[in-house]
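Subject: A structure to look through

Dear colleague,

Please find below the structure that I promised to pass on to you.

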Amino acid sequence: MISKVIKDMFNRPTENLMIPASDVATCNEEDTLLHAVLVLSNSSYQIIPVIDSENHVRGLISISNIVTSFDNLSLFDEEKLNAIKVKEVMNQVVPILFDNYDLEDVLRLLVNNNFVCITHKNGYFLGIIPRKVALERFTHIAHNIDSEYDLVEKVNNLV
């Protein structure tokens, strides 16, 4: 269980923890792999969410997904890339939390993922919480907790 003090410091109003969906590079499940390669190449992300026409998260796509999905598929073969849909190669295992998420759940998912997708309960994509932002927040806490709190070491008396 994360202490209330740490949670309060983590959730202080600073820059948004969540990057809104409008600022996140995404692909539609019906897009071609050529489009996905272009989006991934033009963004600074290694992996991006895949959404459907109603803005629900359906998967994740990365260059790795694309090049390992079919034998002899090259990133330079525009004809083949244009013939295959994102939904055919996307990873359907997605780290998702609802918008009433708990900090512990976010951190648990960020251990093995670059970001966590945040949705409404109906699946509507709201944005992502990147690992980088969470680590920046904890770095800030680690550097400032002593200036705001008197930390006293507990002594365990074991006989």
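**The sheet and its helices**

Strand β5, helix α5 (residues 103-110) and strand β6 together make a right-handed β-α-β unit, where right-handed says that, with the strands pointing away from the viewer, the path from the first strand over the helix to the second runs clockwise. Helices (H or I, at least four residues) and strands (E, at least two) are DSSP runs, numbered from the N terminus.

Before going further, please note that this is a predicted model, in which local features need pLDDT of at least 70 and side-chain atom pairs count only at pLDDT 80 or more, whereas totals for chains, interfaces and linings use all residues. Residues are numbered from 1 along each chain as its sequence is written, and side-chain values use heavy atoms, with hydrogens and water left out.

Within this unit, β5 (residues 96-98) pairs with β6 in the parallel sense over 3 bridges, and two strands are said to pair if DSSP finds at least two bridges between them. Phe98 has Thr119 as its bridge partner in β6. On its other pairing, β6 is joined by 5 bridges to strand β7 (residues 125-130), and these two strands run antiparallel. Along this pairing, Cys117 has Ile128 as its bridge partner in β7, Phe115 has Pro130, and Ile118 stands opposite Gly127. The hairpin of β6 and β7 has 5 residues between the strands, and there Gly123 takes a positive phi near 95°.

In which order do the strands of the sheet stand? The 4 strands form an open sheet in the order β1-β7-β6-β5, with mixed pairing. Because β1 (19-20) and β5 stand at the edges, each with a single partner strand, one side of each is left without a neighbour in the sheet. For β1 that partner is β7, to which it is joined by 2 bridges in the antiparallel sense, with Ile19 opposite Ile128. As background, strands of a sheet pair through backbone hydrogen bonds, either parallel or antiparallel.

**What is covered, and by what**

Here buried means under 20% relative accessible area, exposed over 50%, and partly exposed in between (1.4 Å probe, protein chains only). Strand β6 (residues 115-119) is mostly covered, since 5 of its 5 residues are buried; Phe115, Cys117 and Thr119 point one way from the strand, while Val116 and Ile118 point the other way. Strand β7 is likewise mostly covered, with 6 of its 6 residues buried.

In helix α5, the residues Leu103, Val106, Leu109 and Leu110 are buried. Seen down the axis of α5, these buried residues fall within an arc of 135°, so they line one face of the helix; the arc is that of the directions from the helix axis to the C-beta atoms. Their cover includes α1, β5, β6, β7 and α6, and contact here means heavy atoms within 4.5 Å.

Helix α6 (residues 131-148) has 18 residues and reaches 25 Å from its first C-alpha to its last, close to the 26 Å expected at 1.5 Å a residue, where the expected span is 1.5 Å times one less than the number of residues. This helix bends by about 35° at Ala142, the bend being the angle between axes fitted to the seven residues ending there and the seven starting there. Val133, Ala134, Arg137, Ile141 and Ile145 of α6 are buried, and what covers the buried residues of this helix includes α1 (4-10), α5 and β7.

**Three single residues**

Thr32 lies in the loop between β2 (27-28) and α2 (33-42) and is buried, with a relative accessible area of 18%. Leaving aside its neighbours within four places in sequence, Thr32 is in contact with Leu81, Asn82, Ile84, Lys85 and Val86.

Asn55, finally, is found in the loop between β3 (47-51) and β4 (57-62), and has a positive phi of about 65° although it is not a glycine. Asn55 is buried, with a relative accessible area of 18%.

With best wishes
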